[in-house]
Each structure stands twice: as structure tokens, then as C-alpha cells.
Amino acid sequence: MSAVELVAAFWQRMQSNDFAYAAELLADDYRLDWPQSQESVLGPARFAQLNREYPAHGRWQFEVLRIVGDAEQAVSEVRVSDGVQHARAITFSTVRAGKIVHQREFWPDPYPAPANRRHLVQPFSE
């Protein structure tokens, strides 16, 4: 299975909200890095527990916008929502021996467009 296929399967399992089921696709030495908060999650069990304990207003929904990559690397862009919170995750995944071994994930916050470039840009909606 290529990294792209494995990451697609991972997000499909995340959609089930059974985070232990999703964690079955993670290697024993799995590491998730969040550069924005300077945190790492080590191991599939902690990954599953973190997602189970994360404050939510309802079931998490994961909408995969795109996945690109090759046999060992994949980048996914995913919309995540619990019905109240809305976010986007950009995740760089590394695969080894049929498991995700490392993810580096960015959660960009939306912000209003600066006025000083209005003459150069056009707004869009998704």
C-alpha cells in the first residue's frame, strides 16, 4: 500500500471516531509533531487517548480535500469539525513497512485579509 493509500485509510478510520481503530495504522514508534505548539505525541496509544479526550461538541467529521505523495510520503489537507469547532489540518506523513511512522501536522488559523493588499487579491470562499 502506498503512503497515499495508507493516509486515505487513516482518515477514513478517523471518520469513525474510533481512534484506537485509526491508531492500528500507526507504527509502534509513531511520532506526531505539532510545530506550532512545540509538542509531540509518541506512540499509537497516546495518539488514540489524546483524540478520545480532546474536548468536542459532537462527533468529529473529517473531510479529505486532497492527498498527494508517493510510496513513502504523503501530504493531506483535511477539514475537521465537531459541528461547532471548524479547523483545517495539513499533515505530512511518512510511511515505513505498511504503517505511518511519523506525522508533522499544522493547524492553520484563519485570519482576515490585510487591507494593504486588497488591490492585488480577490476573496474566495470554499
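**The whole chain**

The model is predicted, so that local features require pLDDT of at least 70 and side-chain atom pairs count only at pLDDT 80 or more, while totals for chains, interfaces and linings use all residues. Residues are numbered from 1 along each chain as its sequence is written, and side-chain values use heavy atoms, with hydrogens and water left out.

Begin with the C-alpha trace, which fills a box of roughly 50 × 35 × 25 Å along the principal axes. Colour by secondary structure to display three helices and six strands; helices (H or I, at least four residues) and strands (E, at least two) are DSSP runs, numbered from the N terminus. Along the sequence their pattern is α-α-β-β-α-β-β-β-β.

Of the 126 residues, 34% count as buried, where buried means under 20% relative accessible area, exposed over 50%, and partly exposed in between (1.4 Å probe, protein chains only). Among contacts with a separation of 6 or more, 46% join residues 24 or more positions apart; a contact means heavy atoms within 4.5 Å.

**The sheet**

Select the six strands next. They form an open sheet in the order β2-β1-β6-β5-β4-β3, with mixed pairing; two strands pair if DSSP finds at least two bridges between them. β2 (39-42) and β3 stand at the edges with a single partner strand each, so one side of each has no neighbour in the sheet. On average, neighbouring strands are turned by 20° against each other, direction ignored. Axes here are lines fitted to C-alpha atoms, for helices over the stretch in contact, and angles run from 0 to 180 degrees between N-to-C directions.

Strands of a sheet pair through backbone hydrogen bonds, either parallel or antiparallel.

- Select β3 (residues 61-69) and β4 (residues 73-81), which are antiparallel and joined by eight bridges. Three residues separate them in a hairpin. Glu-63 has Arg-79 of β4 as its bridge partner, and Gly-69 has Ala-74.
- Move to β4 and β5, an antiparallel pair with nine bridges. Here Ser-76 is partnered by Thr-91 of β5, and Glu-77 by Ile-90. Their hairpin has four residues between the strands, and Gly-83 takes a positive phi near 95° there.
- Continue to β5 and β6, antiparallel over seven bridges. Ile-90 stands opposite Phe-106 in β6. This hairpin has two residues between its strands, and Ala-97 in the turn has a positive phi of about 55°.

**Two loop residues**

Most residues other than glycine have a negative phi. Centre on Asn-17, in the loop between α1 and α2 (19-23), where phi is positive, near 65°. Gln-38, in the loop between β1 and β2, also has a positive phi, near 60°. Gln-38 is exposed, with a relative accessible area of 72%.

**The pockets**

Finally, display the surface. On a 1 Å grid over the protein atoms alone, a pocket is an open set of points where a 1.4 Å probe fits, with protein on both sides within 12 Å along at least five of seven lines; lining residues have an atom within 4 Å of a point. Points are joined across faces, edges and corners, and a volume is the space filled by probe spheres set on them.

The largest pocket has a volume of about 570 Å³. Of its 25 lining residues, select Trp-34, Tyr-54, Ala-87, Glu-105 and Trp-107, the closest to its centre. At least two lining residues come from each of α1 (3-15), β1 (26-34), α3 (44-53), β5 (86-96) and β6 (99-106). By class, the lining has 15 nonpolar, six polar and four charged residues; Ala, Val, Leu, Ile, Met, Phe, Trp, Tyr, Cys and Pro count as nonpolar, Asp, Glu, Lys and Arg as charged, and the others, Gly among them, as polar.

The last stop is the second largest pocket, of about 460 Å³. It is lined by 16 residues, and Pro-110, Tyr-111, Ala-113, Phe-124 and Glu-126 lie nearest its centre. This lining divides into eight nonpolar, three polar and five charged residues.
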